[in-house]
Amino acid sequence: MEEYIVSARKYRPANFDSVVGQSALTTTLKNAVKSGKLAHAYLFCGPRGVGKTTCARIFAKAINCQHPTPDGEACNECESCQSFNEQRSLNIFELDAASNNSVEHIKKIMEQTRIPPQLGRYKVFIIDEVHMLSQAAFNAFLKTLEEPPSYVIFILATTEKQKILPTILSRCQIYDFERMTVADTIAHLKGVADKEGIKYEEEALTVIAEKADGGMRDALSIFDQAASFCQGDITYAKVIEDLNVLDSDYYFQIVDLSIANKVSDIMLLLNGIISKGFDPGQCVAGLARHIRNVLMAKDPVTLPLLETSEGNRQKYQQQAVTAPIPFLYKALRLLNQCDVNYRTSGNKRLLVELTLIEVAQITQADDATPVAGRKPRRLKSLFHNLIGQSRPKTAAKQVAAAVTPSANRSAGVSPATATPATNGDAGVSPAAPSSKYDPNNRPVLKSTTPGGTPEIGLSWKNVREMARRKKNKISLIPGMLAPTDPNMKNIATDNQFTQQDLELQWMSMCNRMPQKFSGIATRMKNMNPTILEFPHLEVVVENQIQLDQMSVIKGSIVNTLKLYLQNNAITLEMRLAERQEQVKILTRREQFEEMSKQNPAIDRLRDLLDLELA
């Protein structure tokens with residue numbers, strides 16, 4: 001039985017012309033061979049399976065070829081080429097840095113650079129996956145790379161250029177290899193299939209090329225797998241079954257159903273996809289790629305960005321005609337958000353279903369009432385209508401409450417005998433005829449609580465409270481009243497209080513002061529009000545600025561103390577502190593030292609607990 005060789009090795013390029021998808025790089029290398037202008041170090045970087053190591057071997061063989069062709073290719077006839085083809089060349093060395101990344105391995109290579117080539121002009125060292133070298137190995141390699149012998153050439157290959165030291169990069173000619181396009185991959189797979197005598201469908205090769213994601217080696221490996229499964233006849237149906245790829249027709253159907261707002265059909269289609277063993281997240285990612293392709297097919301300018309077969313390209317163009325651009329933009333945003341949240345979601349299927357429902361409602365017309373499978377699109381306007389219907393009744397009740405007392409007085413009816421308005425009435429008392437009520441010149445009565453919050457409606461109790469406040473001329477800063485006692489009912493006016501009561505209410509008042517008075521409130525906390533001669537109070541202020549600020553709100557301070565100390569005879573005198581009365585403000589450390597002097601046990605406690613003062 002003939003030995004089987006996988007396609008990735010069997011059809012590995014042997015010259016520059018057979019390299020797929022890297023025409024610019026191969027042309028540069030061939031020109032370097034023809035002109036003889038060779039650098040001492042090259043760096044080939046790019047994704048896996050795009051031909052880095054292959055080009056390094058072809059380049060190394062062409063450099064040492066004794067009779068290169070006029071195009072810069074190796075002749076494959078001289079002794080140097082024959083020894084390379086038979087893998088017995090003594091001038092070309094390959095090192096896998098992934099497994100030989102220590103200093104000792106690099107030192108062995110450095111020793112070999114001292115020996116001139118026995119056959120050919122150059123000694124070529126190919127180091128694959130060079131980014132895997134250790135830091136010490138890079139440092140040992142750096143000096144030789146900077147000034148190698150004239151007959152030594154280094155070719156480095158890596159998939160992660162960012163991991164290589166900048167000092168290494170600056171000493172190399174850098175060649176960036178590109179990903180294989182779908183078209184180039186399909187063309188190469190067709191050639192391999194023809195040489196192997198395998199039948200194929202172009203759509204099947206398209207699926208293989210898209211699955212390879214730009215790597216030719218991966219594409220050939222998948223091709224071998226599909227050829228084994230299909231027994232020499234590669235069809236689209238068998239390939240998607242073998243590779244567990246979701247049929248693109250599902251995506252076309254989902255988009256068509258979404259444009260038609262058929263949520264139920266989309267849910268049934270999604271259930272069928274999941275029942276076949278596909279992950280819902282895979283469906284979302286595939287649908288996002290599909291909608292992106294439809295968007296690219298909208299404009300002939302972006303049509304070349306579609307990496308697919310000619311048949312699928314026509315399908316995308318047909319669907320792009322019916323798909324509105326706003327729909328495509330919003331669908332992409334929703335699907336991308338779903339993809340971001342998919343890993344952390346506890347109910348992944350529900351997340352995908354909700355996303356597809358939202359996608360299906362993008363083109364839905366506004367509906368005032370929700371229907372099956374649709375969310376109410378005008379929910380806000382619906383609430384506005386409900387609020388508008390309830391406003392006339394509420395306004396009528398407020399007007400009745402405001403007009404009834406004055407109307408009763410004009411009719412000679414006492415408040416106790418006034419009849420309240422009924423729901424059937426327009427909100428006006430029978431004692432007040434509607435002809436005497438001028439809506440354009442009606443009185444506006446407002447009521448506020450002691451805390452400054454407005455009350456809804458007006459009652460005789462509110463009117464009496466307002467009159468009492470006006471009589472007492474109480475002025476308060478909003479927010480200085482305690483929230484636990486908003487009405488301050490049954491307040492005594494001659495209550496006896498102590499110095500401790502005064503200090504407590506003073507500190508509480510400072511804590512309740514609004515944010516805009518936070519500065520003066522903080523300074524007031526350091527003041528100690530005292531009772532000069534009951535109930536006359538005194539506060540000593542340290543400087544004139546504080547005195548001016550407190551003078552502005554003195555009335556509110558006095559009225560607050562009257563309310564909470566329950567004594568209307570309280571007076572407050574504020575004066576500047578004398579020089580001997582000014583107290584130095586201590587820092588935290590000075591306060592602790594003062595406390596330690598007064599009570600040595602505090603210092604011992606700190607030593608026992610091994611504490612430090614922050």
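I began with the term itself: on a 1 Å grid over the protein atoms alone, a pocket is an open set of points with protein on both sides within 12 Å along at least five of seven lines, whereas a cavity is a set where a 1.4 Å probe fits but cannot get out, and lining residues have an atom within 4 Å of a point. I noted that this is a predicted model, in which local features need pLDDT of at least 70 and side-chain atom pairs count only at pLDDT 80 or more, while totals for chains, interfaces and linings use all residues. Residues are numbered from 1 along each chain as its sequence is written, and side-chain values use heavy atoms, with hydrogens and water left out.

I looked up the largest pocket and found about 860 Å³ of space in it, a volume being the space filled by probe spheres set on grid points that are joined across faces, edges and corners. Its lining has 28 residues, and Glu210, Lys211, Arg289, Asn293 and Glu307 are the closest to its centre. Helix α14 gives the largest share of this lining, 6 residues, where helices are DSSP runs of H or I with at least four residues, numbered from the N terminus.

Last, I checked Leu605, which lies in helix α25 (residues 600–609), and I counted Leu605 as partly exposed because its relative accessibility is 47%, between the limits of under 20% for buried and over 50% for exposed (1.4 Å probe, protein chains only).

Definitions and conventions. Helices (H or I, at least four residues) and strands (E, at least two) are DSSP runs, numbered from the N terminus.
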